[in-house]
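Please read them alongside the sequence and the coordinates.

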Amino acid sequence: MNNIPDLFMNYLLLLTVVLGLVLCALSAGCTSPTQDGITPVVITPTPTPSSLPASAASVVSTPVPVETLPEEQYVSLELSKERPDSSIHLLYNGGKGEIAVQSIMMRVTRSDGQVTEEYMDNGSRKPQRGDELVMEGTRGNDRAEVFVTSAGRTYKVIDRPLVLPSM
């Protein structure tokens, strides 16, 4: 006789837990309509006129802000544009974080619209102190962007226009 109230209490507890789980499932959205009931919103981009040459307009990407490397990953880079051939030089001087540097890439957007990218390590080894990357520039205003991959993350560390130095 004493077992009947205990058995009733166990069933009541089990029923309460099951109802609680069903209510949680319903409130979590598990009963939302199927894909047939959802209609996607279609956004059509409107073309914007571009003042860039056709070759440059096709390679313009989303701008990425310049970031400072964390202090423990800092490395020194020198960027310059040289006379008389307008070549663009990137010199790697190493630094506190040189052990974490995996690659260095420079992207040059020339004044004639041509965009080129080159890696300092060239895929064969990590950059080392004194390595220099030389790319062809123009006599006009070129733009250089430098990306450093350090400890598995890529940072844009330089983004600036380059002009020939005056005599």
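1. Two strands are taken as paired if DSSP finds at least two bridges between them. Helices (H or I, at least four residues) and strands (E, at least two) are DSSP runs, numbered from the N terminus. In that scheme Ser-76 stands opposite Gly-94 in S2.

2. The model is predicted, so local features need pLDDT of at least 70 and side-chain atom pairs count only at pLDDT 80 or more, while totals for chains, interfaces and linings use all residues. Residues are numbered from 1 along each chain as its sequence is written, and side-chain values use heavy atoms, with hydrogens and water left out.

3. Overall make-up. The protein chain has 2 helices and 7 strands, in the order α-α-β-β-β-β-β-β-β from the N terminus. Of its 167 residues, 28% are buried (buried means under 20% relative accessible area, exposed over 50%, partly exposed in between; 1.4 Å probe, protein chains only). A contact requires heavy atoms within 4.5 Å. Among contacts in the protein chain between residues at least 6 apart in sequence, 59% join residues at least 24 apart.

4. Surface. The accessible surface of the protein chain is about 11800 Å², and carbon and sulfur atoms account for 59% of it. Areas come from the Shrake-Rupley method with a 1.4 Å probe; for residues, only the protein chains shown count as cover. Leu-7, Tyr-11, Leu-14, Val-18, Val-22, Leu-23 and Leu-26 make a nonpolar surface patch of about 690 Å². Patches are made of residues with over 30% relative accessible area and no salt bridge, like charges being joined within 9 Å and nonpolar side chains (Val, Leu, Ile, Met, Phe, Trp, Tyr) within 5 Å; a salt bridge is a side-chain nitrogen of Lys or Arg within 4 Å of a carboxyl oxygen of Asp or Glu.

5. Strand S2 (residues 88–94). How many of its 7 residues are buried? The number is 5, so S2 is largely enclosed by the rest of the structure. Strand S1 (residues 76–81) pairs with S2 in the antiparallel sense over 6 bridges. S2 also runs antiparallel to strand S5 (residues 132–135), to which 4 bridges join it; here Leu-91 stands opposite Glu-132 in S5.

6. Ile-88. This residue is found in strand S2 and is buried, with a relative accessible area of 0%. Leaving aside neighbours within four places in sequence, Ile-88 is in contact with residues including Leu-79, Met-106, Val-108, Leu-133, Val-134 and Leu-162. Gly-137 is another of the residues that Ile-88 contacts; the C-alpha atoms of Ile-88 and Gly-137 are separated by 5.9 Å, although the two are 49 residues apart along the chain.

7. The S1–S2 turn deserves a check of its backbone. S1 and S2 form a hairpin with 6 residues between them. Most residues other than glycine have a negative phi, and most peptide bonds are trans. The peptide bond from Arg-83 to Pro-84 is cis, with omega near -5 degrees, and Pro-84 lies in the loop between S1 and S2. Ser-86, in that loop, has a positive phi of about 60 degrees although it is not a glycine. Is Ser-86 buried or exposed? At 3% relative accessibility, Ser-86 counts as buried.

8. Ala-151. A positive phi of about 55 degrees is found for Ala-151, which is not a glycine. Ala-151 lies in the loop between S6 and strand S7 (153–162) and, at 52% relative accessibility, counts as exposed.

9. Glu-145. Which side chains make polar contacts with that of Glu-145? They include Arg-143 at 3.0 Å and Lys-156 at 2.9 Å. A polar contact is a pair of N or O atoms within 3.5 Å; within protein, one must be able to donate a hydrogen and the other to accept it, and residues adjacent in sequence count only if both atoms are side-chain atoms. Glu-145 lies in strand S6 (residues 142–150) and is buried, with a relative accessible area of 5%. Not counting residues up to four places away in sequence, Glu-145 touches Met-105, Met-106, Arg-107, Thr-109, Lys-156, Ile-158 and Asp-159.

10. Gly-113. The loop between strand S3 (101–109) and strand S4 (115–119) holds Gly-113, which is buried at a relative accessible area of 6%. Gly-113 and Asp-142 are 29 residues apart in sequence and 9.1 Å apart in space, C-alpha to C-alpha.
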